[in-house]
Each structure stands twice: as structure tokens, then as C-alpha cells.
Amino acid sequence: MVDDAGTYLYAVASDAAASCPEGLKGVAGQEVRTITQSGLVAYVSTVPLDQFGEEPLRRSMEDLDWLGATAHAHHHVVEAVAMLGPVAPVRLVTVYSGEEPVRRLLEERHADFVEALLRVSGRQEWGVKAYVVKAPPDAREAREESGQESVSPGTAYLKRRQASLRTREESWRQAGARAEGIHDVLRSFSVASRRHRAQDPELSGRDEWMVLNGAYLVDEERAEEFARALDGLRGQGIELELTGPWAPYSFTALDEGGSR
Amino acid sequence: MTHDQPRGAVLAAEGRLPAERVALVDLLDRLLAGGVVVSGDLVLSIADIDLVRISIRALIMSVRESDTFGGGDDELRK
């Protein structure tokens with residue numbers, strides 16, 4: 001039934017890499033297939049709309065288990081396709097009513113997809129996160145407290161609070177400047193870069209402040225060079241974490257406003 | 001949690017991480033804020049920003065059920 005099923009789009013690649021990995025499964029455990037049109041190939045699978053329709057998605061996107069399973073399944077397909085050649089990953093939960101609109105997309109945005117695939121060809125995305133080790137507030141506050149015996153507890157509290165805020169602001173400023181510097185160096189080793197929003201400490205699972213959440217598109221042959229440059233930036237209260245190589249998720253945005 | 005050894009070189013040599021070992025939060029940075037965004041003909045039309053906010057809220061909620069909201073809440077309301 002057409003009404004009950006949608007076509008989930010994972011990625012677009014060049015027709016030259018048009019094979020589909022055997023038995024590749026996508027979201028909801030469905031088999032991935034290809035749609036070829038205008039020299040491009042779309043990797044899709046059929047999804048039930050009672051899970052992937054607009055209303056169900058509003059609910060399930062808030063369900064962490066569902067979101068995690070779907071994100072990993074999507075990523076798994078993109079990774080498998082990326083092994084074959086340049087790929088333009090599509091944003092999570094992009095669902096069409098059928099194959100025809102996907103064909104139309106490949107036809108209408110052909111030039112944009114070709115340009116995006118060219119841009120990422122022979123390149124990989126690397127993620128770099130920079131953390132600042134927090135100054136231990138407990139130790140500092142205890143120290144200040146011991147020197148404040150002659151003033152009233154209220155004044156002492158306010159002074160302590162002001163000092164703590166000043167220290168924090170200053171640390172932030174320094175950390176921000178450091179992050180800019182790191183970003184600039186890494187940028188010089190890449191063909192494109194992008195800064196994602198810093199992750200909440202609750203999400204990153206770390207106490208330290210994240211001051212940089214960058215993505216860098218790097219020529220494959222410069223990957224080692226990039227990693228060495230990163231290693232050279234370590235230390236001085238900054239911890240750097242490298243992730244990747246990723247399929248070029250952060251660098252395949254198509255130009256707004258359709259084909260040119 | 002510290003990575004003193006030159007992790008960059010090690011990772012670069014190892015190649016891709018298996019999909020299931022990729023941290024969800026790193027993945028969502030890319031899957032919700034990156035990738036090709038298409039419009040028209042779609043079954044659903046949740047704005048991009050909504051998706052990001054909804055899922056980040058889901059993540060935060062799941063991690064800190066009973067806790068009060070801190071800095072993360074400001075981020076969400078921007």
C-alpha cells in the first residue's frame with residue numbers, strides 16, 4: 001500500500017559507484033536499494049509511515065533509544081556507501097512518499113549534487129573537540145574563605161561570588177581565544193571547515209568545558225599531516241579529541257534555491 | 001579520560017570506527033546539523049531547527065532525569 005509506506009533517503013552518490021552492498025540493511029531493518037537517475041544514484045529503503053510519518057516522528061524523535069537506533073542505522077548505510085566512492089549523506093529522517101519524488105530530486109538538483117560530490121571527492125571529514133580542564137572551584141573557594149574571617153558572612157559570600165565569576169569569565173575568554181587559535185591551525189590543513197555547536201557536558205559525558213566542536217574536510221593524503229598538527233596543539237590545559245574519518249556529513253549542504 | 005598519546009596518528013592509521021562504536025552525540029551533530037537538506041515532496045516537514053532541539057532535549061532529559069536544568073537550557077531557548 002503506497003499510503004502506508006515511505007521511501008527513506010540515506011545518501012546520494014555518482015552513478016559510477018552505483019552498486020549496492022549486498023544485504024545492506026537500513027532503518028527499521030529494511031533492505032537498502034538504489035534509485036538511478038540522471039547519472040546519480042540514491043540509496044533508499046522502504047519505511048512504514050506509522051513509524052516514519054510526520055506525527056509518529058515527532059514522538060519518536062524524543063525517544064532516545066529509537067533515535068539512537070535510527071541514527072546508527074542511517075550512519076551504517078552512509079558508511080557502507082562511502083566505501084564505494086564520494087558520497088553526499090542526506091540529513092536524518094528524510095522521507096519521501098515514493099520513488100518518483102526521489103527521481104525528481106536527482107533530476108532537478110543534479111548540478112548541485114555533482115558539485116557537492118566533486119567537493120568531497122578524495123577527502124574525509126575529521127572531527128576535533130577541544131576541552132578545557134575546569135579549575136577546581138572547591139579548592140579555590142575554601143582558600144578564599146579562610147582569608148575572609150574579619151568580614152561578615154554576607155560580604156564574604158558576595159566577594160567570593162564576584163571573584164569566582166571574574167575567574168570564570170577570564171577562563172572562558174582565554175579558552176575561547178585558544179579555541180580560535182586551534183581552529184585556525186586545523187583550518188590551514190583542510191579544504192573546508194565548520195564549527196558545530198559545543199556539546200552540553202551532560203551529552204559529551206565529560207566535566208570539562210567544550211570550547212571547540214569543529215569539523216574539517218581534509219584531503220585523504222593529508223590525513224596524517226592533519227593528525228600531526230593536532231598532536232602539536234595538545235597540552236596547556238586543553239584536551240583535544242579527534243573523531244573520524246567521517247563521511248562528509250558537514251560539507252555536503254546544497255546551495256539554497258535549487259539548481260543553477 | 002586523558003589521551004596523552006598521539007591519538008590522531010593512531011586513529012588515522014586504524015581507519016573508520018565501526019558504526020556502533022560511534023558516540024551518539026557526535027553522530028547527531030552531523031546527522032541533524034549536517035547532510036544534504038532537501039525540501040519539497042517530503043512526507044514530513046519538521047523544520048531543521050525543531051529536529052535539533054527536540055532530539056537534544058531528548059538526550060538531556062534522558063541523562064539528567066531528576067536534575068534541574070543548568071546551562072544546557074539556555075542553549076535550547078536561543
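**View 1. Chain A, overall.** Of the 260 residues of chain A, 38% are buried; a residue counts as buried if 20 or more other C-beta atoms, placed from the backbone, lie within 10 Å of its own, as exposed at 12 or fewer, and as partly exposed in between. The model is predicted, so local features need pLDDT of at least 70 and side-chain atom pairs count only at pLDDT 80 or more, while totals for chains, interfaces and linings use all residues. Residues are numbered from 1 along each chain as its sequence is written, and chains are lettered from A and ligands numbered from 1 in the order in which they are written. Chain A holds nine helices and nine strands, taken as DSSP runs (helices H or I, at least four residues; strands E, at least two) and numbered from the N terminus. Among its contacts between residues at least 6 apart in sequence, 75% join residues at least 24 apart; a contact requires C-beta atoms, placed from the backbone, within 7 Å.

View 2. The domain assignment, which is automatic or from a database, gives domain 1 (5–121) and domain 2 (124–249) of chain A. Their C-alpha centres lie 35 Å apart. Six residues from domain 1 and four residues from domain 2 make the contact. On the domain 1 side, helix H3 (64–82) and strand S4 (87–89) are the elements that give two or more residues, and H3(A) gives the most, with three residues. This side divides into five nonpolar, no polar and one charged residue; Ala, Val, Leu, Ile, Met, Phe, Trp, Tyr, Cys and Pro count as nonpolar, Asp, Glu, Lys and Arg as charged, and the others, Gly among them, as polar.

**View 3. A four-stranded sheet in chain A.** The open sheet has the strand order S7-S8-S6-S9 with antiparallel pairing, where a pair needs at least two DSSP bridges. Strand S7 (192–195) and strand S9 (238–246) stand at the edges with a single partner strand each, so one side of each has no neighbour in the sheet. On average, neighbouring strands are turned by 20° against each other, direction ignored; the axes are lines fitted to C-alpha atoms.

**View 4. The S7 and S8 pair of chain A.** S7(A) is joined to strand S8 (residues 209–219) by four bridges, and the two run antiparallel. A:Ala192 stands opposite A:Leu217 in S8(A).

**View 5. Chain B.** Chain B has four helices and zero strands, its elements running α-α-α-α from the N terminus on. Of its 78 residues, 28% are buried.

How values were computed: Two residues are in contact if their C-beta atoms, placed from the backbone, lie within 7 Å. Axes are lines fitted to C-alpha atoms, for helices over the stretch in contact, and angles run from 0 to 180 degrees between N-to-C directions.
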